[in-house]
Amino acid sequence: MNQRPRNLRRTAALRRLVRQTSLSPDDLVMPLFVRAGRGVRNPIASMPGQFQLSVELAAREAAALHRLGIGGVILFGIPPRKDARGSGAWAGNGVVQQAVRAIKDAAPDLAVITDVCLCEYTSHGHCGVLRGGEVDNDRTLPLLQKTAVSHAEAGADVVAPSGMMDGAVRAVREVLPETPILAYSAKYASVFYGPFREAAESAPKFGDRSAYQMDPANSDEAIREIGLDIQEGADIIMIKPALAYLDVVRRAKETFGCPLAAYSVSGEYAMLRAAGERGWIDERRAVLEVLTSVKRAGADFIVTYFAREAARWTA
Ligand code: PBG
């Protein structure tokens, strides 16, 4: 018995010394839901502690997050009106475009990421335009281009195409050569998006997203999707959800070695909150353990609805 692994676990100081993974506020990105109006702060029932905010309150929140040292925010919009093409997505004075300007004003040094997708803006709730009851990939691309350009013009630091349309990263890169692209490269058709769809009012009105989002059973396909996005010009790749896909996070980091994010989605938040609220789990420790595991798996940063709390707990 020459090797005694317990030796290094004996004191907190020794454990700290050899700890491999650390979590800091810089690694956290907070999603914000923005809607039209003033003074709006609508609680989201399936995500206790999360709100739909009007533009000025979103800007105030972003400034507070910046003071906590958080890495960035990612914005989702709930438009006043929806239509078949999702035209609210690229409206120059759309809710996300307004929010970007207000946040860049209130906290110029905070990274502002925008979600580039049509599902919150289409009357049918799908992530692209429809033809014959299916999402038409190639007719959706120009709409994503317009949306991304309008976000960049408003001042977004990073644009994030999230609809799993083939060629979306190339399309955005063509029109925005100098804006960082965060590609939702491996986005699975996951049940864990349920609470988000209430928050963003974006549930599909018929069918589901399995014809464009990935089959949870596949990981080779994730590697192929990520490889394509990198060729098309992605600067950062993202795996989503996080907790049920840590193997994919690890494999992607080892295969590509490029900046990598993981999105700990609404259902992951809801599960931890629900168990925490009932006193069935120590919420703070559970959240920090989960976020640490996502970093340990290989993520450089994490999009999480716990960003505010976790930033306080780790500061
Ligand atoms: C699509 C989008 C979705 C999420 C982020 N961007 C959901 C979907 O496919 O319905 C989910 C995020 C979450 O669950 O937290 N625009």
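What you're looking at is a predicted model, where local features need pLDDT of at least 70, side-chain atom pairs count only at pLDDT 80 or more, and totals for chains, interfaces and linings use all residues. Residues are numbered from 1 along each chain as its sequence is written, and side-chain values use heavy atoms, with hydrogens and water left out.

**Helix pairs**

- The axes of helix α3 (residues 95-106) and helix α4 (residues 137-154) come within 8 Å and cross at roughly 25°; helices are DSSP runs (H or I, at least four residues), numbered from the N terminus, and strands are runs of E, at least two.
- Axes here are lines fitted to C-alpha atoms, for helices over the stretch in contact, with angles running from 0 to 180 degrees between N-to-C directions.
- That crossing is why α3 and α4 are roughly parallel to each other (the label covers angles under 35 degrees).
- In α3, Val-96, Gln-97, Val-100 and Arg-101 meet Ser-150, His-151 and Ala-154 of α4, where contact means heavy atoms within 4.5 Å.
- Sorted by class, this contact of α3 with α4 has three nonpolar, three polar and one charged residues (Ala, Val, Leu, Ile, Met, Phe, Trp, Tyr, Cys and Pro count as nonpolar, Asp, Glu, Lys and Arg as charged, and the others, Gly among them, as polar).
- The axes of α8 and helix α10 (residues 283-297) also come within 8 Å, crossing at roughly 30°.
- Here Leu-246, Val-249 and Arg-250 in α8 meet Ser-293, Val-294, Arg-296 and Ala-297 in α10, giving four nonpolar, one polar and two charged residues.

**The cavity**

- The structure holds one cavity of 30 Å³ or more; on a 1 Å grid over the protein atoms alone, that's a set of points where a 1.4 Å probe fits but cannot get out, and lining residues have an atom within 4 Å of a point.
- About 140 Å³ of space lies in the largest cavity, and of the 20 residues lining it, Cys-119, Lys-187, Tyr-193, Phe-196 and Lys-240 are the closest to its centre.
- β9 (182-187) and α6 (194-199) each supply at least two residues of that lining.
- The lining has ten nonpolar, four polar and six charged residues.

- Most residues other than glycine have a negative phi, and most peptide bonds are trans.
- Met-164 is not a glycine, yet has a positive phi of about 55°; look for Met-164 in the loop between β8 (158-161) and α5 (168-175).
- From Lys-240 to Pro-241 the peptide bond is cis, with omega near -10°, and Pro-241 lies in the loop between β10 (236-240) and α8 (246-256).

Key. Parallel < 35°, antiparallel > 145°, perpendicular 65-115°, else oblique. 1 Å grid on protein atoms, 1.4 Å probe; cavity = no way out; pocket = protein on both sides within 12 Å on 5 of 7 lines; lining within 4 Å. Points joined across faces, edges and corners; volume = space filled by probe spheres on them.
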